[in-house]
Amino acid sequence: MPKINAERLISNLRELRSIGAEGTGVVRPAFSIKDMEARNWLKSLYEDAGLEAQIDGIGNVLGRSRNSGPALLIGSHSDTQPTGGWLDGALGVIYGLEVARALAEDPTTRHLAVDAIALQDEESRFLGCMGSHHYCGLLEPGFEQGVVDKDGISLVDAIREAGLTEAPRLQVDRERYIGFLEAHIEQGPHLEQDGLQIGVVDVIVGLRGIVFTFEGQQNHAGTTMMAGRRDAATALYEVAHTINQEFPKVAGDRSVWTMGRVNVSPGAPSIVPGYAELELQFRDRSEDVLDAFTALAHKIAEEVNKRGGASVTTENSRVKISPALMDDNLQKHLSAAAKAHTSDHWQTMPSGAFHDAGVISNVLPCGLMFIPSIDGISHDFAEDSFEADIIRGCEVFADAAASILLEATTG
Ligand code: GLV
Ligand code: MN
Ligand code: MN
């Protein structure tokens, strides 16, 4: 079985962390200067590993093995949240590179084909999992027209600034690949709390969102009597409170909902707000539960409208991700490798975060593996994992990749 180089793995992860480092975290949003610096750095590492590397027209970096298929595609995303942790995405990208190198260095596996990939904008600066959606042919031609980030910067301009306007855009070669493997930090507390070292994911939850827009009458906070107000923020708080009261009644055991973006305008203590926005996001592994949340959210808005005061309208968010099942055979290989390396301290589990593997599962069999996150913290500068878990995870992942490819090439 191939042997990973633990020192090289950790050193590459640390170097990637240094590109966009802010304290213990990383700020490397899609198409930022630091994001493109990291993508160029990855391209040169892919080349050093003997892979044919290119950055495509939307920023995906592919390192293609010179061996013919059947091939395994391995990777994750290298962009981060606006205040991101150092391992979210980066772990899976560097694992992909390390597995490609480890298999190429071992005489028993050097004939196998591992392609490494660093996908673009998984973290939704413009469009969640944009790189994987595009790579899988799931976006319409010209999809980028009119897409802007939260600061109003257009995707077209961001692509131009990154120097990618003329670069060819890659599409997945379905004939070449037997599947896609992604490794990730868990980003939650379950593995650590249960004393486990590896999670093999069976299903990635789906996600939807709704934007509520409130319109009232802006007015003087001292002279406008409570009875006569059309206060946009009050209507917002009511909707938010009712969601927290009603959603548990239709929730599944792993359902979550978040109201992570609000805007109250003009945002001054002496002004009755005339305008407000609330963005609700909810996730579950069942499409039925997501349907129930959607219907309930619209009903809550209707009820608030009936009462008078500020009015509320609803619009479904642009990002909509369906629950995705991971492939049984890839799970079987990941589980066998996990069992061998952890004295059975591993489990099958759902993923509460979305991942590129969920998108790519539309066109290829996918497998997703987790290592523990310290204190379950992620999407925060404090995100971290123990070095021993990072190294063990890569050993499990490399063994699983080798056994998947050996099975596919020898039957
Ligand atoms: C991905 O980063 C997610 O928010 O689940
Ligand atoms: Mn993330
Ligand atoms: Mn991620």
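**View 1. The residues around ligand 1.** Glu122, Glu123, Arg283, Ala353, Phe354 and His379 surround ligand 1, each with a heavy atom within 4 Å of the ligand. By class, this shell holds three charged, two nonpolar and one polar residue (Asp, Glu, Lys and Arg count as charged; Ala, Val, Leu, Ile, Met, Phe, Trp, Tyr, Cys and Pro as nonpolar; the others, Gly among them, as polar).

**View 2. Polar side-chain atoms beside oxygen atoms of ligand 1.** Look for arginine 283, with a polar side-chain atom 2.7 Å from a ligand oxygen. For glutamate 123 the distance is 2.8 Å, and for histidine 379 it is 3.1 Å. Of the 190 Å² that ligand 1 exposes when taken alone, the protein buries 93% (Shrake-Rupley method, 1.4 Å probe).

**View 3. Helices H1 and H2.** H1 (residues 6–18) packs against H2 (residues 33–48) at about 155 degrees, with the axes 10 Å apart. The pair is therefore roughly antiparallel (angles over 145 degrees, on a scale from 0 to 180 between N-to-C directions).

**View 4. Helices H9 and H11.** Here H9 (residues 328–342) and H11 (residues 387–410) pack at about 135 degrees, with their axes 8 Å apart. These two helices are therefore oblique to each other.

**Notes.** Residues are numbered from 1 along each chain as its sequence is written, and ligands are numbered from 1 in the order in which they are written. In this predicted model, local features need pLDDT of at least 70 and side-chain atom pairs count only at pLDDT 80 or more, while totals for chains, interfaces and linings use all residues; side-chain values use heavy atoms, leaving out hydrogens and water.

How values were computed:
A polar contact is a pair of N or O atoms within 3.5 Å; within protein, one must be able to donate a hydrogen and the other to accept it, and residues adjacent in sequence count only if both atoms are side-chain atoms. Helices (H or I, at least four residues) and strands (E, at least two) are DSSP runs, numbered from the N terminus. Angles under 35 degrees count as roughly parallel, over 145 as roughly antiparallel, 65 to 115 as roughly perpendicular and the rest as oblique.
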